[in-house]
Every structure is written in C-alpha cells, then in structure tokens.
Amino acid sequence: MENKAYEWQEDLEQILEEFQAQIQPEPGQILVVGCSTSEILGYRIGTHHSLTIAQRLYQHLFAFAERLGLQLAIQCCEHLNRALVVERETLKAYGLTEVTAIPVPEAGGALASIAYREMEDPVLVETIQGHFGIDIGDTFIGMHLRPVVVPIRVSKRRIGQANVTLAKTRPKLIGGKRAVYPF
C-alpha cells in the first residue's frame, strides 16, 4: 500500500502550486503544517505512520517554504499536545514559548519527527499564530492559525487517502456599517 501512496507527490505539487497562486506571502511569515501519514495511506490517524512518506513530504514542504521565504511550523500529534517543530530563529523572531520533548513517530508523528531531524536548529514551541496552513489528514491545525482564517480551494482535495485543507489568514475587519475596507 505504501508504494501506491507515492502517487500523492504529483497531487501535492499541484496543490502547492494552486495554493501559492492564491496567497500573497511576505518573507518570514509562518506556514503551519499538520499531517497524518497514516491517513495518506488510508488508515485511521495515528495507527500506521510512515517515515518514508514523511521524509518525501518534508522535502516538498521545505522546498515550497524556502522558495516563498516562509518559516515552517510542523504540528506534532496530540500526544505532544500539538506542539510545533520550528527553527530556533522562528522562536526568537516571534517570541514563542519553547517546550521540551523530542518528537518520535509514536509521540509527535512521523512528519514532526522528520522535521526535528532535518531542521538546522529545531525546537518545540507550545503554540504559534501562523499566517498560512496546510492540514493533511484532518489533524486540526486551526488552533495554530491567526484570526481570521480564510479557506483556500484547490482542484485536488486529497493526498493519497488523506483530506487536505488549506488556509490563509487576514486581519480582522473592524467597525460597523460605516466602515470602509480596502477591497
């Protein structure tokens, strides 16, 4: 089943291309990613992790973030209270709160464990307010996005067997019926 799951890479690239066309990222903004490799494989979340899929997924996501100048924040699973793996520079730039754990596939998830291994100077943070989000497999990243979240629709809605949800954020609209907005 894992071999068939590699077909998702073309879908992921199309999703990222369409996502990029609908966002206007500024360098240094945060991209939050949550992922269940179990869901990509067609299993219930948290039951059949794949480090091989996580490694390939991380490579695509890292290249995407680097190309756009975004900071990656990879959400861990619920066993680590959905903490996030980020580079130490992201922690410092955004004044985040560091927590202590090392993500492993059974406690943190496959993608978070790969991110922790691959990042230059990884740390775990308790929470973050990301500007953009990619949720692969219904991992519920919304708690780590800034208000107001705006869904992004693309032509592909799955990677492997996992649902994919994309989001950007925008500032809150304030005022009443006399307020004027720039759009």
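Visitor: How far apart are the end C-alpha atoms of helix α4, and what span should its 18 residues give?
Guide: In this predicted model, helix α4 covers residues 51-68, and at 1.5 Å a residue its 18 residues should span 26 Å. The end C-alpha atoms are 25 Å apart, which agrees with that expectation.

Visitor: Which residues of α4 are buried?
Guide: The buried residues in α4 are I53, A54, Q55, L57, Y58, H60, L61, F64, A65 and L68. As background to reading such a list, an α-helix has 3.6 residues a turn, so residues three or four places apart point the same way.

Visitor: And what follows α4?
Guide: The helix is followed by G69, whose phi is positive, near 75°.

Visitor: Switching to E39, where does it sit, and is it buried or exposed?
Guide: E39 belongs to helix α3, which covers residues 37-40, and E39 is buried.

Visitor: Then what does E39 touch?
Guide: Leaving aside residues up to four places away in sequence, E39 touches R44, I45, G137, Q161 and A162.

Visitor: New topic: which non-glycine residues have a positive phi?
Guide: N81 is one of them, with a phi of about 55°, and F140 is another, with phi near 60°. N81 is placed in the loop between β2 (71-75) and β3 (84-87), whereas F140 lies in the loop between β6 and β7.

Visitor: Are N81 and F140 buried or exposed?
Guide: N81 is exposed, with a relative accessible area of 64%, and F140 also counts as exposed, at 59% relative accessibility.

Visitor: Where is the cis peptide bond?
Guide: The cis peptide bond joins P147 and V148, with omega about 5°. V148 lies in the loop between β6 (132-136) and β7 (149-152), the loop that also holds F140.

Visitor: Last one: which residues make the nonpolar surface patch?
Guide: L173, Y181 and F183 make the patch, which has an area of about 330 Å². F183 is found in the segment after β9 (162-169).

Visitor: Why does F183 count as exposed?
Guide: F183 counts as exposed because its relative accessibility is 72%, and the cut-off for exposed is over 50%.

Key
Residues numbered from 1 in each chain as written. Predicted model: local features only at pLDDT ≥ 70, side-chain atom pairs only at ≥ 80, totals over all residues. Heavy atoms only, no water. Helix = DSSP H or I, 4+ residues; strand = E, 2+ residues; numbered from the N terminus. Expected span 1.5 Å × (residues − 1). Buried < 20%, exposed > 50% of the residue type's maximum accessible area, 1.4 Å probe, protein only. Lys, Arg positive; Asp, Glu negative; His and termini not counted. Salt bridge = Lys/Arg side-chain N within 4 Å of Asp/Glu carboxyl O. Contact = heavy atoms within 4.5 Å. Patch = residues over 30% accessible without salt bridge, like charges linked within 9 Å, V, L, I, M, F, W, Y side chains within 5 Å. Areas by Shrake-Rupley, 256 points an atom, 1.4 Å probe, with all protein chains shown as cover.
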